[in-house]
Structure formats: C-alpha cells, structure tokens
Amino acid sequence: MSDATINSTRQQPEAGFGDYVALLKPRVMSLVVFTAAVGLLAAPVPVHPFIAFCAILFIAIGGGASGALNMWWDADIDARMKRTARRPVPAGKVTADEALAVGVALSGFSVTMLWLATNWVAAAILAFTIFFYAVIYTMWLKRWTPQNIVIGGAAGAFPPMIGWAVATGGVSVESVLMFALIFMWTPPHFWALALFMNSDYENAGVPMLTVTHGRRTTRNHIFVYTLLLAVLAVGAGFTAIGGPIYLAVAVVLNAMFVLGAWGIWRRDEEAAAADKYIVEKKFFKMSLLYLFAHFGAILAEAALRPWGLGGW
Amino acid sequence: MSFREEHELHGRRKGRNIGLGLTLAAFIVIIFGLTVVKVTRGDFEPPRGQVEGN
C-alpha cells in the first residue's frame, strides 16, 4: 500500500476493536450479566458451571446486540446529546450500517447459542428481549411517548427471567417478581437522570416526561413510582425469593430511596439549579446501589439455602 | 532496518485483527467445552425406550 492510499483512507471511518465493543454498551451489559446471574443462581435447579458461564455470556452478547441495534437506529439522536455524542456511530468511528450488521449478527448468534447450550424457553425470552428493546422501545416508544422508559423498562427487566429459565426451563412467580423489581425501578432511575440532563433530551427531540410535562410533574412521578417500588420490593421479602437478609436490605434501602424521592419531590427548579441538581444526582447514584444490593440479597438468600439458612 | 514508518491506521487494524482472532479462538474453546460437558452428562444419548426397541 502506498502512502497516498493511506492518506486517502484516513478520512473513512476505520474502527478499532474497542469501538465495536463499545457498540455493545458494556456498562449496561454489566447490569444484564449481574441480574441474569442472580436469576440463574437463585433458581432451585443446579446448572453445570460451564453451561452457566456460557449462558450468561450469550445473554450478555444478546443484550449487547440490542445495544448495537439501538445505536444504529438512534445515531441521529445520539449525535445531538452530550451524553451520547461520543458513541462510536455519532463519533464517526463505526458506520450505522456496520452497527446494524453487528446487531443483527450477534442477535442471531446469541439466541441460537443460548438455545443449543440450554433450552428453547431461555432462548425465546432472550429473542423477545432483543426485539422489545430494539423494535418496541428504540424504534417505537422512545420517540413517541413520555411513557417510553416506563414500558421500555421491561427490556432491562428480562435478564433475571432468562437466567431463571436457563436453570428451570420455564417461568415462575419468583422470576416474575425479579422482573417486576427491575421494571418498577427503571422509571425513577431514568427520570432522575432526565432531571439533570433535561436539555439533552430536549435538543434531541426525545419526548421524555421532563420535556413533555415539565419537571414538576416528573418530580411527582418519581415520588409516586418510588412509593410503589418500595411496596413491591419490601413485599417481595415475604415471598420465595426473600428471606431475613433480603428483607433487612430492602427495608433499609427502600427507606433511603423513598427519602431521596421525597427530597426530589419537595424542592423546585430554582433550588435544584442553585446546587446543580445535587439531590437528583445523589438519588440516581443511589438507584444503582439499590438494584445491585437487592439482587445481591436475593443471591445471598439462595446461596445460604443449602445450609438451611437462606429464605424463610 | 524498517522500510517505512508504521501508520496509526495499521496499528488500529492490527488491534482489530488480534481482537477478532481472540474472539474466534474463544468461540472454539466454548464450543469444545460445551460439547465435552454435554457428551459427558449424556445429553446426546437416545431415550431408554428407543435403545430397548432396537
């Protein structure tokens, strides 16, 4: 290759391996891996460690594939938002077509491999999850309704159900409860983010609740959803996935979470702008700890069960 | 003696090729491991009735 050729290709997007990995949204993937692993390990049916490892890997790849499809479809929105402008497609490192190809290929790969490694129920839920995130949420809800993240949150709530299905080959009350926990957690988590990222969504024309109904309404919604989440999360402590450890964690964290939501609800925009949304940012960070701690407690209950300690 | 200086573009391509190579190697290991586990557990053995019928 001559130097002239090198210079001419320099203008074209030529991605490194890391740029393709970034298409898979590794940070979101960590949540998928953790909750799917808890679903798998909390199930009453033991799974061979190597099959469990492969199953979690394929679920993570499936989640990543839906992330790539999201980046393909939302490249225009991502380019207009500060938070997402450096993603591989808007940054010009990977073309939108490549993101589509990676997303479709990895979707097919992950679902097929999960089916071969485990069972068709787990593979079917993974396929539905990818479809729900890429088509129902990304292509339809996100640009259409302020309820986008309420309904779309279901996509992020499926991984523990998939993990449970890997072990049991089916769906049960326990896996539905884990689904419900993430489903109810998603709206306050994302609305808190929207409160301090409001201009981003407004610039991109995404009808987040903050944009369509204003920040006061969003604050009310955060508080109400947090109350509903607290009832569900503490109530789950008395079911098959709960136990003393889970209940203790749930009571403490939900008290803190409701207090945080009340803090968001009681103040107005002037106060929030004055301290640069410190309360909202703190609530958002706490929401991450909240979910990890709840699923960690579910895992602890399941792990202690063989010694007669976990659960009720 | 180096005939030409390596361009940054070549470094990126090299990284991509190594990444892809490692991914494919990992895929082979996974397929091999899954096969070993499933064959050892008897997942591919025909149901008992079918064997007795032969």
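Helix α3 (residues 26–42) and helix α16 (residues 278–304), both of chain A: their axes come within 9 Å and cross at roughly 20°. Axes here are lines fitted to C-alpha atoms, for helices over the stretch in contact, with angles from 0 to 180 degrees between N-to-C directions. Helices are DSSP runs of H or I, at least four residues, numbered from the N terminus. So α3(A) and α16(A) are roughly parallel, the term for angles under 35 degrees. Their crossing is left-handed: the near helix is turned anticlockwise from the far one by less than a right angle.

Who makes the contact? From α3(A), F34(A), T35(A), V38(A), L41(A) and A42(A); from α16(A), F292(A), F295(A), I298(A), L299(A) and A302(A). Contact means C-beta atoms, placed from the backbone, within 7 Å.

A word on the source. This is a predicted model, where local features need pLDDT of at least 70 and side-chain atom pairs count only at pLDDT 80 or more, while totals for chains, interfaces and linings use all residues. Residues are numbered from 1 along each chain as its sequence is written, with chains lettered from A and ligands numbered from 1 in the order written.

Next, chain A against chain B. Eleven residues come from chain A and ten from chain B. On the chain A side, α1 (3–9) and α4 (49–73) each give two or more residues. α4(A) gives the most, with three.

Last, helix α1 of chain B, residues 8–41. Just after α1(B), G42(B) takes a positive phi of about 80°.

Technical notes: Angles under 35 degrees count as roughly parallel, over 145 as roughly antiparallel, 65 to 115 as roughly perpendicular and the rest as oblique. Two residues are in contact if their C-beta atoms, placed from the backbone, lie within 7 Å.
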